[in-house]
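Good morning, colleagues. Please bring the model up on your screens, and I shall go through its pairing, packing and contacts in turn.

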Amino acid sequence: MAATLPPPRLLPSGDSAVTVEFSRTIDEDANQRVLALDKALAASPIDGITETVPTYRSLLVHYDPEKIGFDALGEKILPIATRPLPPVTKARRWRIPVAYGGEHGIDLEDVAKALNTTPDDIIARHAGGDYKVAMIGFTPGWSYLSGLDKSLHMSRRQNPRLLTPAGTISIGGIQAGIQCLAAPSGWHLLGRTPVRTYQLHRNPTFLTEPGDRVTFFAIDHKTFADLDRAAEAGEIVAEQVDA
Amino acid sequence: MSRLVVASIGPASSVQDGGRFGAQRYGLTVSGAMDRLSLAAANTLVGNEPFAAAVEIGPFGASFTARDGAVRIAISGAPRNADIAGTPVAMDTSVTLKDGETLTLGFARGGAFTYLAIEGGIKGELVFGSLAVNARAGLGSPYPRPLQAGDEFSVDAASGTPERRIELPKPATGPIRVLLGPQDDEFDEANKALFLNSEWKISATSDRMGYRLEGPAIKHLHGHNIVSDGTVNGSIQVPGNGAPIALMMDRGTSGGYPKIATVITADVGRLAQTSAGTAFRFKAVSMAEAQDEARKFARLIRSLPDRLRSSDTVALNIAALSDANVAGYAVSAVDAGTWQVTAEP
């Protein structure tokens, strides 16, 4: 039997949640362990756990302190969290259309200038990436992606924008993102997708799950407008392929 | 069916219930009542489940008119003057509005949120099990936004059940209790002590998403950028400027600032009901004490039906009347979207 993995830190997030922290930094291995623990807890639930929230490096576990205490819960979580990782299973892959630049990606030219290259080259590097949904957070459907090309890593804007459009495709630090609703953001806006990662009366309401793979492809602004209408009417407009 | 019509209402008033759970992993926050005990008390008074949807009324005044029949309601939470055609209505009691009668509520006298529960509850379309308004995500029912004058609820006709009052425990005073963490190790001992030993005030630019705290600047050990991780109601994060923010019910589900401490479940409603400008302190407690208090709080909510009393002994609310001569109130000029008010000297 494979050796167990180093234990995560169990950090109290108040009296009704515990942060199971695998790393302090963005780390692919840590994220795999987060998603594996999340899956394991979904497959064999521990009585008292009410909800889990996977993030890059930790799993936030909400629980009911009337059903289980902090120490008892920790004792149940640790053996699961230190299990060797299960073999990688097939992930869903989404191909997401993006209208880059112009009014849809107002930072594309500045990003190209800052990185001493052309907007087309930025598009090629961004669309050529193979991403994973590391977590979904902040606002409904906002998918944080790992796997951004190293040449596109750049610090966030000094002055975050108070409002960025729905469907924004952006990069910030070492992360890439698919944003669903209009929201404040300090990231660089490369384009927009007509895809709604969250749409209330659609089945499924939420398109992406942590662990899904994502690639992008460029569309022109006319196609964006067509797909946007279709998406508004409830079509998914992202292509799903098996990885 | 009767209708309850919103005749007038201030900002920061919306339909709220126990909250929307199960989709935080998709970035959908919980929303729900800022003061769960007061929501539960108001609902219990009219025979509803404790966390049924009710009207959460912000610090300003409001009035509601019954149409097409009588409507039985109850109010609990931040105290305010209330009357029906000049006859005072006490807090923490139920009352029936006859067809055409109007309940008028004044400004909150201390605290911020008052809950108006309606017998039979508010009818609407549940999303993830909740009617709670989350204005940023466009969720909530029957109105996915703060309430406006002219809005109306289709409600059950009043049952004629005798009116009740509810005996609530004396509101706790003293510091707001916190558990340190999850990222208290991002702060040195001196800054943790500064957080725990200082007087704080809630900024006028606070809202249902977060309460900004005014006091000394808290310094981080390693800078303010951590990798985003999950938040809970009551997470106290410290951004780059050192001014802590207590995350409330409309918080982002994840955040990238170190969280020095977390308000205990039993005290989140107390913090929510702390008026802007009122000085208060935090106090660190142990996990054992925090969980004990959380269990006590849950038992208190369950015990509310046992705390109902016949209401015919209730005379005029003398305290309310004597407090009625409140100084003028001013809205925050900083941000028209926020609800906090400050009493002018």
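B:Leu4 has B:Phe153, in strand 11 of chain B, as its bridge partner. This is a predicted model, in which local features need pLDDT of at least 70, side-chain atom pairs count only at pLDDT 80 or more, and totals for chains, interfaces and linings use all residues. Residues are numbered from 1 along each chain as its sequence is written, while chains are lettered from A and ligands numbered from 1 in the order in which they are written.

Strand 1 of chain B, residues 2–9, runs antiparallel to strand 11 of chain B, and 4 bridges join them. Strands here are DSSP runs of E with at least two residues, helices are runs of H or I with at least four, and both are numbered from the N terminus. Two strands pair if DSSP finds at least two bridges between them. On that basis, chain B has an open sheet of 6 strands, in the order 7-6-9-4-1-11, with antiparallel pairing. Its edges are strand 7 (87–88) and strand 11 (152–155) of chain B, each of which pairs on one side only.

I turn to the domains. An automatic or database assignment gives the bounds, and chain B is divided into domain 1 (2–166 + 308–343) and domain 2 (176–296). Their contact involves 27 residues from domain 1 of chain B and 19 from domain 2 of chain B, where contact requires C-beta atoms, placed from the backbone, to lie within 7 Å. On the domain 1 side, helix 1 (36–45) and strand 24 (341–343) of chain B are the elements that give two or more residues.

A:Ala72, by contrast, lies in helix 2 (residues 70–81) of chain A. This residue is partly exposed because 13 other C-beta atoms are within 10 Å. Its C-alpha atom is separated by 55 Å from that of A:Thr223, 151 residues apart along the chain.

Finally, the chains themselves: 36 residues of chain A are in contact with 32 residues of chain B. Strand 3 of chain A provides the largest share of the chain A side, 5 residues.

How values were computed
Contact = placed C-beta atoms within 7 Å. Buried ≥ 20, exposed ≤ 12 C-beta atoms within 10 Å, placed from the backbone.
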